[in-house]
Amino acid sequence: MKSEILYPGAFPMVRVELTAGEHIKAESGAMVACSPTIDIESKMEGGFLGALSRKFLTGEKFFFQTLRASRGPGEALLAPTVPGEIVILELDGVNEYMVQKDGFLAGADGIVIESKMQSLSRGLLSGEGFFILKMSGKGTLVLNSFGAIHKIELKPDQEYIVDNSHLVAWSSTTSYNIEKATSGWIASVTSGEGFVCRFRGPGLVYIQSRNPGSFGAWIRQFIPVSE
Amino acid sequence: MSSNALCFGHNHPASGAPCFVQVDAAGLTIIFEFTGGGGDREVVPFAALSVSAGGLDHDHLVVKWTGVQGEQTLYLKDQDAIRAFRQTAPDDLSLHFAQAAELVRQVRQRRRLVWGLALGMFLSTVLGLWFGSDLLVQIAVSRIPVEWEQKLGESAYRDFLAQQEVIKEGPAVAALGEMTQRLTEQIPNNPYKFEVTVVKSDVINAFALPGGHVVVFTGLMKKADSGEEVAGVMSHELNHVLRRHGLERIVKSLGLLTVVTIVLGDQQGLVGMMKQLSVELLTLKFGREQETEADVTGLQLLQRAKIDPSGMIKFFERLSEKDEGRMEWLSTHPMSTARAERLKAELAALPKKSPEPFTFDWKQVQASLGAQPVVAP
Ligand SMILES: [Zn+2]
């Protein structure tokens, strides 16, 4: 899987090149265009029951599509739903990343994706839901954000505090605690009470420059309320 | 040789330098693969090391020392390497790691205990007021607004439809429309807007999603001998929706935590969870009681709508016979003669009503699907 970011900035796409027979995982709905040699395999292929049995037999997660270059080499253009940057990471078998569930765009075949349940307190408090994705293995990983992606590099034991809803991905060598934001820290309109993550290095933390929840709330004020 | 650890230090990238760590009697040998010139190696004696547990889940072995390049930190997750380290390292070092690991376990246990206690107290209060967890499930379900249910069903429906060929008009759609109309007219205070979709597929099945989407496969319509038989299946599916069986199932499978979350009204976390679940809905299997409930209430609904209920029974009976192609329905609807028998008994107890026929001709509907009408065995 060779990949290249087109139109870097707010409205990027990523072009991935597949060799014959190669397959990659992509967020469902990410496909914009592709060569005729590429097949999109999805859960529901083979009818209701095929999907059912695959789900139970392989335990595959539903929100991915598999793009397979079954009839020769080809390329595909992928784009995220929201405006925002795309970042490409190379996993080498030792580094692992935790990715917030909307952050995943595509991954090479060698990338292992696990859906992880966060601990009760983290899940309840962070408002990010209970599931995050854990990416390990070897190969290219493509992430997307809402707004621009900013990389924070943490040295061993260095700490940094991040608003939960701005998180995109973080290395598994970091550790974090969820803390209640002190007053004045947070702008999250939706949650009312803000929570922040106190990260501790070493490792990388990728954050997005816009908060989807706050943006939603901002949009909502312009939508006339019926009744 | 592939890397099994990440090394951090000011001479390495912030994401850590991949390296291979070897443990032997002298200490650690760290080999960096990606530095030019065949790989740097550094040998660090055990005496220079300090050890702790770290990383997101505290499952990394963290080794620190000060080398020629300044302070170095090694994050080791590879189980074999950790085992080798614990076996080879002098006791005082391993002891330190063991202590760190033990501390983490204790903290986790304490945290779990606190949460367990909080949950336990809450649950015992609730259970003290009401008995039985089924009731608890129902209470949780009743707190979920219909709009949520619709959103949930809608996203599952879209995911499903993306891969299917839908029949948008024609006699089959009209016939199902008429059935739905007749049935829904008889549902008092119906909060759901039922939408029936005909999907071209030989699968003999139909399913309903929370919120009111019902999908019928053409395979089922070809298999049925009359409109009344399909109406029976429809009535059954509509009652899965009306009785909120899908939601009950989700709440049950997610366990009491969700129930607590819903009852406590923490919607933030739950909405996230629900989104993840949308397609799991498509693979939902209902429980036996739910099937029976949908059968019985389905039969009553048919009766109220003056649709001949014997069609439903006939169809179920036929599916329980040995016959190829019945598999799909059976996988989501375990069929038995007992089930048809139970419906017969139920029907006998209902007051007799003279059925009113549908306006369409079933054979013509089937012909429009491009199929030979199946001859009854
Ligand atoms: Zn059923």
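Both Phe207(B) and Phe217(B) are buried. They belong to a predicted model, and they form an aromatic pair of the tilted kind, with 6.1 Å from centre to centre and 45° between the planes. Phe207(B) is part of strand β10 (residues 206–208) of chain B, while Phe217(B) is part of strand β11 (residues 213–217) of chain B, so the pair ties together parts that lie ten residues apart in sequence.

**Aromatic pairs**

Over all chains, the count of aromatic pairs comes to 13. One of them joins Tyr176(A) and Phe199(A), whose ring centres are 5.1 Å apart and whose planes meet at 40°, so this pair is tilted. The pair links distant parts of the chain, 23 residues apart: Tyr176(A) lies in strand β16 (residues 175–180) of chain A, and Phe199(A) lies in strand β17 (residues 195–200) of chain A. Tyr176(A) and Phe199(A) are buried. The two pairs are set out below.

| Pair | Centre to centre | Angle between planes | Class |
|---|---|---|---|
| Tyr176(A) and Phe199(A) | 5.1 Å | 40° | tilted |
| Phe207(B) and Phe217(B) | 6.1 Å | 45° | tilted |

Chain A also holds an aromatic cluster, formed by Phe146(A), Phe215(A), Trp218(A) and Phe222(A).

In soluble globular proteins, nonpolar side chains tend to be buried together. The largest nonpolar core in this model has 42 residues, and Met179(B) and Met221(B) are those with the most contacts inside it. Helix α7 (residues 227–242) of chain B gives the largest share of this core, namely six residues. Apart from this core lies another of 37 residues, including Ala30(A), Ala76(A), Tyr97(A) and Leu141(A).

The surroundings of Met221(B) can be described in detail. Leaving aside residues up to four places away in sequence, Met221(B) touches Ala172(B), Leu176(B), Val198(B), Val216(B), Val230(B), Trp362(B), Val365(B), Gln366(B) and Leu369(B).

**Chain A as a whole**

The secondary structure of chain A consists of three helices and 18 strands. Chain A has 227 residues, of which 54% count as buried. Among the contacts in chain A with a separation of 6 or more, 77% are between residues 24 or more positions apart. The accessible surface of chain A amounts to about 10,300 Å², and carbon and sulfur atoms account for 56% of that surface.

Terms used: Residues numbered from 1 in each chain as written. Chains lettered and ligands numbered in written order. Predicted model: local features only at pLDDT ≥ 70, side-chain atom pairs only at ≥ 80, totals over all residues. Heavy atoms only, no water. Core = buried A, V, L, I, M, F, W, Y, C linked by side-chain atoms within 4.5 Å. Buried < 20%, exposed > 50% of the residue type's maximum accessible area, 1.4 Å probe, protein only. Helix = DSSP H or I, 4+ residues; strand = E, 2+ residues; numbered from the N terminus. Contact = heavy atoms within 4.5 Å. Phe/Tyr/Trp six-rings, centres within 6.5 Å; stacked < 30°, edge-to-face > 60°. Areas by Shrake-Rupley, 256 points an atom, 1.4 Å probe, with all protein chains shown as cover.
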